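This report describes the pockets, the ligand site and some details of the backbone in one protein model. Please keep the sequence and the structure in view while reading.

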Amino acid sequence: MTNPPERKKNTTLTLRQKKARGEPITMLTAYDYATALAVDRAGIDSILVGDSLGMVVLGYANTLPVTMQDMLHHCRAVARGAQYALLIGDMPFMSYQASVDEAVRNAGRFLQEAGMDAVKLEGGHMRLEAVRAIVSAGIPVMGHLGLTPQSVHVFGGFRPQGRNAEAAQHLVEDALHLQDAGCFSLVLESVPDRLAELVSKRLEIPTIGIGAGAGCDGQVLVTHDLLGLFDRFTPKFARRYADLHGEMGRAFREFKNDVETGAFPALEHSTGMPEEEWQALLASLGEQG
Ligand code: KIV
């Protein structure tokens, strides 16, 4: 019997090679050590520490309140759990928009202080200068077009993008510009399937879709949507593979009932004490054995 091939750490090159071979790329979000461990052990190619953590972990209405401190804290936890996946840290709102200098410094913190391999940022032509500067500092950048949640107020809500010819044309141009600026990959979120497919065919770098159909080079989901952990809403494009919110509720109710009825803790959950030590304690306290 031959041993399975040794698993290697994924890099930006791994993703490019998968696109070249026509192999679908898998990416999931994670925000903590335990989830990162499970995602990594499942063989997922890449983990995104998304600023979606603002909504699914921290309970905000959108991603805008997420800070660099929040991101670095969660990135460090994920980096401790994942050994093989390519780790991508999402640059939060206002960490790269105000100046190119700030963008480079903040991007650097993801690699230097938080164990990430790359960063992701949102936007097209308005971000090209920042992308070029970050890449020339030696930091791989993933782009993000379509429904970019940090622009939710510009869009007037979480709504699909690129649905008319003019908007679609801009998106194709932005995608090509981001590739030229040095992005190693591109997330396409909530755009028409055929537009995402067209962009994927025109680009040499891999596209990762979320709500963008099967024509992308890879797929990403927010893990809390996939697990059914976030019950405020599930985007139309997410598939639920489990109902962990329901399962958590069942386990919590069972625990409550066990404690209230004395079924927990049982003997096997308890720590014993040698009889002679117990008798010595009782004697020194003046208690009867
Ligand atoms: O923040 C996030 O999780 C993301 C993905 C939805 C791509 O940007």
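How much space lies in the largest pocket? The volume of the largest pocket is about 800 Å³. This value, like the others in the report, comes from a predicted model.

## The largest pocket

The lining of the largest pocket is made of 35 residues, and those closest to the centre are Leu147, Glu189, Ser190, Pro235 and Phe237. Three elements, β1 (25–29), α3 (53–56) and β6 (185–189), each contribute at least two residues to this lining. Sorted by class, the lining of the largest pocket holds 19 nonpolar, seven polar and nine charged residues.

The largest pocket is also where the ligand sits.

## The ligand and its surroundings

Which residues surround the ligand? The shell consists of Thr29, Leu48, Gly50, Asp51, Ser52, Asp90, Lys120, His144, Val187, Glu189, Ile210 and Val222. By class, this shell contains four nonpolar, four polar and four charged residues. Glu189 belongs to the shell around the ligand and is also among the residues closest to the centre of the largest pocket.

In Ser52, a polar side-chain atom lies 2.6 Å from a ligand oxygen. For Asp90, the distance between a side-chain N or O atom and an oxygen atom of the ligand is 3.1 Å. For Lys120, a side-chain N or O atom is likewise 3.1 Å from an oxygen atom of the ligand. On its own, the ligand has 260 Å² of accessible area, and the protein covers 96% of it.

## The second largest pocket

The second largest pocket contains about 590 Å³ of space. Its lining has 23 residues, of which Gly123, Gly124, Thr148, Ser151 and Phe155 are the closest to the centre.

Which elements each supply at least two residues of this lining? They are β5 (141–146), α7 (152–155) and α8 (165–181). The most is given by α8, with four residues. The lining of the second largest pocket comprises eight nonpolar, twelve polar and three charged residues.

## Two details of the backbone

In general, most residues other than glycine have a negative phi, and most peptide bonds are trans.

Phe264 and Pro265 are joined by a cis peptide bond, with omega about 0°. Pro265 is found in the loop between α11 (244–261) and α12 (275–285). Met94, although not a glycine, has a positive phi of about 70°. The loop that holds Met94 runs between β3 (86–90) and α5 (100–112).

Methods:
Residues numbered from 1 in each chain as written. Predicted model: local features only at pLDDT ≥ 70, side-chain atom pairs only at ≥ 80, totals over all residues. Heavy atoms only, no water. Near = heavy atom within 4 Å. Polar contact = N/O pair within 3.5 Å; in protein donor to acceptor, adjacent residues only side chain to side chain. Areas by Shrake-Rupley, 256 points an atom, 1.4 Å probe, with all protein chains shown as cover. 1 Å grid on protein atoms, 1.4 Å probe; cavity = no way out; pocket = protein on both sides within 12 Å on 5 of 7 lines; lining within 4 Å. Sits in = over half its atoms within 2 Å of the grid points. Nonpolar A, V, L, I, M, F, W, Y, C, P; charged D, E, K, R; others polar. Points joined across faces, edges and corners; volume = space filled by probe spheres on them.
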